[in-house]
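Subject: Structure handover

Hi,

My notes on what I found follow below it.

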Amino acid sequence: MLTEKPAWKDLQKHFDEVESLHMRDLFASDKRRFETFSLEACGLFFDFSKNRITHETLRLLLSLAEECDLDDKRQAMFSGEPINNTENCPALHTALRSDSRKPVWVNGHDVMIDVREMLNGMREFSSAIFAGEITGSTGEVFTDVVNIGIGGSFLGAAVVCDVLMPCAGTGLKVHFISDVDSKEVIDVLDMLNPQTTLFIISSKTFTTQETMTNAVTARQWINTAHGSDSAWINHFVAVTAYTQRARTFGIRQDYIFRIWDWVGGRYSLWSATGLPIVLYAGMEQFEQLLAGASEMDYHFLHALPEKNMPVIMALLGIWYIDFFAAGAQAVLPYDKRLARLPSYLQQLEMESNGKHTTRQGQVVDYDTVPVIWGQSGTNGQHAFYQFIHQGTQLIPADFIAPMRSPYGIGEHHTVLLTHFFAQTEALMKGRTVEEVRLVLKSMNLDKVDIEKLLWHKVFTGNRPTNTIVFPELNARTLGSLLACYEHKVFVQGAIWDINSFDQWGVELGKMLAKDILSELRGTDISDHHDASTQGLIRYYKRHAS
């Protein structure tokens with residue numbers, strides 16, 4: 001078990017020695033701390049100096065990674081070994097963005113042939129859409145694209161489309177329907193013209209209940225508007241690993257894009273799941289996204305551990321989760337285009353590493369993934385930052401920002417970055433009793449009022465942050481950033497000895513929902529349910545009509 005490894009035990013002892021150290025003192029005693037605890041790769045600059053670590057902390061964390069055979073596990077992922085051991089398949093999202101001509105073998109087949117074919121198909125299809133060669137059933141060119149998918153079949157593409165808004169020049173607008181709540185479907189369809197709307201059903205299995213329910217509604221909407229039961233055929237594209245199911249649904253063979261079992265849903269934006277990106281921003285932008293991710297793949301595979309950005313990020317997370325008992329991690333991007341990034345990382349991290357058993361099926365005796373949450377920009381400063389600054393829980397935070405903005409409006413971006421830099425400094429330094437007393441004295445308050453306010457204005461500081469900055473937010477830097485977080489998740493899973501590429505908890509919920517649906521439609525209620533669920537189903541039946 002992990003907790004029996006020498007490096008883990010050494011880290012426990014080391015934690016007792018450094019827990020009380022304050023980052024103020026660490027900076028004061030090491031004038032080169034920023035230079036030592038920062039690195040640059042793939043267009044990203046990563047400052048991790050505002051963490052509660054010493055040189056010895058980092059050495060021990062790196063030793064832990066070595067003892068957990070990180071290098072061998074990393075090689076196994078890139079070479080196509082079946083590292084998803086519960087489903088006996090590889091996790092080869094890296095192959096989707098590889099610019100190498102080297103083959104990647106899965107069951108004796110070079111999957112790079114399939115990847116190149118997929119990319120060519122996306123390029124040809126999008127070019128035909130842009131040229132007006134592929135149209136709706138009335139011959140009108142498409143003006144809008146609606147992606148119907150959920151989880152990884154939605155979030156990744158949505159994040160990228162948000163970021164690429166300033167350079168989206170294809171003329172097509174993109175929309176996303178993910179939630180099965182009818183309000184979301186209505187809100188999107190109400191703004192569209194059925195003659196000029198193209199739908200992409202994105203579902204790896206092509207059985208996801210929410211996605212297929214929304215797809216049927218969209219199909220009916222198209223047919224009703226055209227007065228024909230077959231009009232929809234020219235308005236629907238499928239992205240799936242189960243192409244026969246798409247054909248059974250009625251999708252045209254030449255409108256089906258294949259993905260593979262070795263692509264996990266939350267890692268699939270690099271595949272044909274990224275078709276909305278191509279239709280919104282163009283194939284060149286999508287290729288830049290892949291190039292940025294590929295560059296980070298190379299860095300992760302070849303950089304020394306102490307200079308390896310995903311490795312360091314992962315080890316810092318383990319330090320706080322397993323030794324400081326930090327149960328949450330904030331992601332705080334200071335760019336409105338990254339508003340969906342916290343949600344994207346919620347799925348990436350919590351679905352990948354939200355596990356309590358090792359790869360061998362043993363129950364772990366240590367914590368794994370924390371709660372991932374956050375919000376973009378300065379709005380959070382006037383909401384939950386109070387909790388991060390003065391709350392009783394330690395919340396490590398990732399601050400992310402570009403140094404330039406594509407929107408040249410006054411000093412908006414300068415003011416935004418002013419807050420960005422100030423927050424990490426405030427979280428690190430805090431404000432001592434003596435400093436607060438001086439501030440209150442300068443306000444000409446009497447001694448009674450000073451003592452009354454004193455402890456309310458004290459900040460302990462010593463709150464850890466990572467800062468990730470880059471010159472500008474574009475397709476390439478976004479590709480590097482997302483791939484960096486993917487590899488961070490992989491490293492943590494490798495050290496915790498859990499399978500980061502299955503999601504059986506999600507599958508259980510899907511299975512139970514399928515059973516309950518037939519009961520909500522019918523008259524019988526299964527006695528296999530607990531009393532609470534039976535009671536809630538009865539309540540629904542009394543009030544739904």
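**S153 and its surroundings**

A polar atom of the S153 side chain sits 3.4 Å from the backbone oxygen of S202. A polar contact here is a pair of N or O atoms within 3.5 Å; within protein, one must be able to donate a hydrogen and the other to accept it, and residues adjacent in sequence count only if both atoms are side-chain atoms.

Before going on: this is a predicted model, where local features need pLDDT of at least 70, side-chain atom pairs count only at pLDDT 80 or more, and totals for chains, interfaces and linings use all residues. Residues are numbered from 1 along each chain as its sequence is written, and side-chain values use heavy atoms, with hydrogens and water left out.

S153 belongs to the loop between β5 and α8 (155-163). Helices (H or I, at least four residues) and strands (E, at least two) are DSSP runs, numbered from the N terminus. S153 counts as buried because its relative accessibility is 11%. The classes are buried under 20% relative accessible area, exposed over 50%, and partly exposed in between (1.4 Å probe, protein chains only). Leaving out residues up to four places away in sequence, S153 touches N147, S202, S203, K204, G265 and T273. Contact means heavy atoms within 4.5 Å.

**The sheet**

Five strands make an open, parallel sheet, ordered β6-β5-β7-β8-β9. Strands pair if DSSP finds at least two bridges between them. β6 and β9 (256-258) are at the edges with a single partner strand each, so one side of each has no neighbour in the sheet. From one strand to the next, the twist averages 20°. β8 and β9 pair over 3 bridges, and V239 has F257 as its bridge partner in β9.

Helix α7 (residues 111-130) lies across β7, β8 and β9, at about 155° to β9. α9 packs on the sheet too, touching β5, β6 and β7, at about 165° to β6. Axes are lines fitted to C-alpha atoms, for helices over the stretch in contact; angles run from 0 to 180 degrees between N-to-C directions.

**Helix α10**

Just after α10, G227 has a positive phi of about 65°.
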